[in-house]
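Subject: Structure handover

Hello,

Here is the structure we spoke about, with its sequence. My notes on what was found follow below.

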Amino acid sequence: MSDRPLPTFAQLGLPTPLVHALGRAGIAAPFPIQAATIPDILAGRDVLGRGPTGSGKTLAFGLPLLVRLKGGASRPGRPRAIVLAPTRELAAQIEKALDEPALALGLRTSAIVGGVPFKGQATRLARVVDVVIATPGRLADHLAQGTIMLDDVLVTTVDEADHMAELGFLPQVTEILDRTPASAQRLLFSATLDGEVDTLVARYLNDPVTHATAAAVAAVDTMEHHVLHVPREIKYATVARIAARSGKTLLFVRTKAGVDRLTDELHAAGIPAGGLHGDKPQGHRTRTLAAFTDGTVPVLVATDVAARGIHVDDVSLVVHVDPPTESKAYLHRAGRTARAGETGVVVTVVTEDERGPAGKVMRAAGVDVDPLDVGGLDRRWEDVTGAREPSGTPVPEPEASPAPPKKDAPTDRRGPGSQRGVRGRGGARRDGTARPGPGQSRRRRGGN
Ligand code: ADP
Ligand code: MG
């Protein structure tokens with residue numbers, strides 16, 4: 001994608017009502033990936049799209065997909081387009097992004113995801129829905145129950161295909177694709193295209209046009225990267241001080257249990273924080289995300305799975321509380337900040353024992369920075385993070401509902417990091433928590 005001026009949405013072939021709807025949402029000119037894919041998708045080509053996080057892939061496939069449906073009519077229970085997304089949150093965000101543009105064309109969208117009652121979805125599907133945005137597990141369930149038919153599908157999109165593969169959803173994805181007409185148009189989008197995704201492409205895409213932007217997230221020049229070398233004993237106290245900063249802060253930890261522990265620690269230290277992972281009930285997840293999005297709860301603690309694909313504007317700091325174990329994860333986590341040209345800081349907290357592996361991951365991600373030491377005289381780490389002393393006055397958990405891990409986890413939530421790994425840091429954590437004084441023991445959840 002070069003520097004030459006990009007055409008307008010109208011010049012790319014989008015109809016006027018759609019262009020106006022975009023304008024009302026503050027979307028005036030196409031991003032490069034959109035300028036690249038829209039004409040090909042409108043022309044009916046299969047498209048393979050790769051762009052860094054935040055580059056605008058949703059509208060890159062969503063807008064032309066909607067236009068392809070314009071003028072036709074969907075029958076009850078038979079959508080004419082499906083979009084598959086790896087997580088419920090991502091599906092909800094895609095639905096939100098496409099809802100208004102769809103209405104502008106007289107089309108109806110619906111998100112069909114796990115964790116919400118099946119029956120209501122079946123009722124919804126029994127009416128006319130033009131575009132179904134779904135997680136693969138739940139859509140496969142509807143297929144099995146006969147509450148949806150895919151024989152009228154004209155366009156299928158697989159978003160974040162690489163992540164779909166990582167989560168083990170490819171069997172459901174192929175099952176779903178197999179139920180769409182072989183002649184249907186297929187679009188596959190992802191931040192990276194490799195591994196099992198190649199298999200999917202070879203099997204389901206017909207003479208695809210590939211549109212890729214070279215830039216890795218780490219190369220985004222509005223993004224700043226730092227590594228903090230932190231003694232393990234003060235790791236959690238350090239994270240609490242960072243989380244006490246002003247501005248939206250996203251904290252990544254490795255396990256679901258780690259999310260629960262860290263949010264508890266933060267509440268005890270006086271910091272309102274939400275926790276997001278796959279075992280939280282859907283209502284809780286939706287509210288947590290909404291509170292983070294609107295800034296009511298400025299700190300979000302999440303696992304990779306839960307946070308993947310989410311875009312919340314104005315996240316000014318991303319913290320890898322547990323260093324990622326692969327560069328792709330680093331880039332995806334980092335991509336939650338510095339979105340759409342905003343500035344953002346990415347900080348990786350590294351304890352002594354993590355230095356070797358973390359260094360490897362960072363180099364692979366293209367990040368080469370001098371580490372800053374925490375715990376000594378050098379206070380530069382505070383400048384880059386905006387860290388400050390938390391109030392120390394415990395805050396109640398922002399969410400009303402405590403979230404006991406669910407045994408009956410919905411079918412499309414079987415990502416990594418389930419109950420395994422809980423043992424990880426139990427002991428070490430206890431010494432260096434965010435607690436300001438010995439008088440404040442760890443709060444229990446749900447005591448409100
Ligand atoms: P990706 O899927 O590539 O990570 P998204 O589709 O989630 O990126 O888009 C990232 C952000 O950019 C969203 O907030 C979206 O509303 C915004 N955005 C997308 N396209 C445009 C555009 N043409 N103009 C302005 N903002 C846009
Ligand atoms: Mg996306």
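The notes are about ligand 1 and the residues around it, starting with the secondary structure. Helix H3, which covers residues 57-69, contributes three residues to the shell around ligand 1, the most of any contributor. Please keep in mind that this is a predicted model.

The shell has 18 residues, and those that come nearest to ligand 1 are Ala 29, Gln 34, Gly 54, Lys 57 and Thr 58. Sorted by class, eight residues of the shell are nonpolar, seven are polar and three are charged.

As for location, the space that ligand 1 takes up is the largest pocket. Both domain 1 (16-212) and domain 2 (223-385) supply residues to the shell, so ligand 1 lies between the two domains.

Three polar contacts are worth looking up in the viewer:

- Thr 58: an N or O atom of the side chain is 2.8 Å from an oxygen atom of ligand 1.
- Gly 56: a polar backbone atom is 3.1 Å from an oxygen atom of ligand 1.
- Ser 55: here too a polar backbone atom is involved, 3.2 Å from an oxygen atom of ligand 1.

How much of ligand 1 does the protein bury? Ligand 1 exposes 570 Å² when taken alone, and the protein buries 84% of that area.

Regards

Methods: Residues are numbered from 1 along each chain as its sequence is written. Chains are lettered from A and ligands numbered from 1 in the order in which they are written. This is a predicted model: local features need pLDDT of at least 70, side-chain atom pairs count only at pLDDT 80 or more; totals for chains, interfaces and linings use all residues. Side-chain values use heavy atoms; hydrogens and water are left out. A residue is near a molecule or strand if one of its heavy atoms lies within 4 Å of it. A polar contact is a pair of N or O atoms within 3.5 Å; within protein, one must be able to donate a hydrogen and the other to accept it, and residues adjacent in sequence count only if both atoms are side-chain atoms. Accessible areas come from the Shrake-Rupley method with a 1.4 Å probe; for residues, only the protein chains shown count as cover. On a 1 Å grid over the protein atoms alone, a cavity is a set of points where a 1.4 Å probe fits but cannot get out, and a pocket is an open set with protein on both sides within 12 Å along at least five of seven lines; lining residues have an atom within 4 Å of a point. A molecule sits in a cavity or pocket if more than half of its atoms lie within 2 Å of its grid points. Helices (H or I, at least four residues) and strands (E, at least two) are DSSP runs, numbered from the N terminus. Ala, Val, Leu, Ile, Met, Phe, Trp, Tyr, Cys and Pro count as nonpolar, Asp, Glu, Lys and Arg as charged, and the others, Gly among them, as polar. Domain bounds come from an automatic or database domain assignment.
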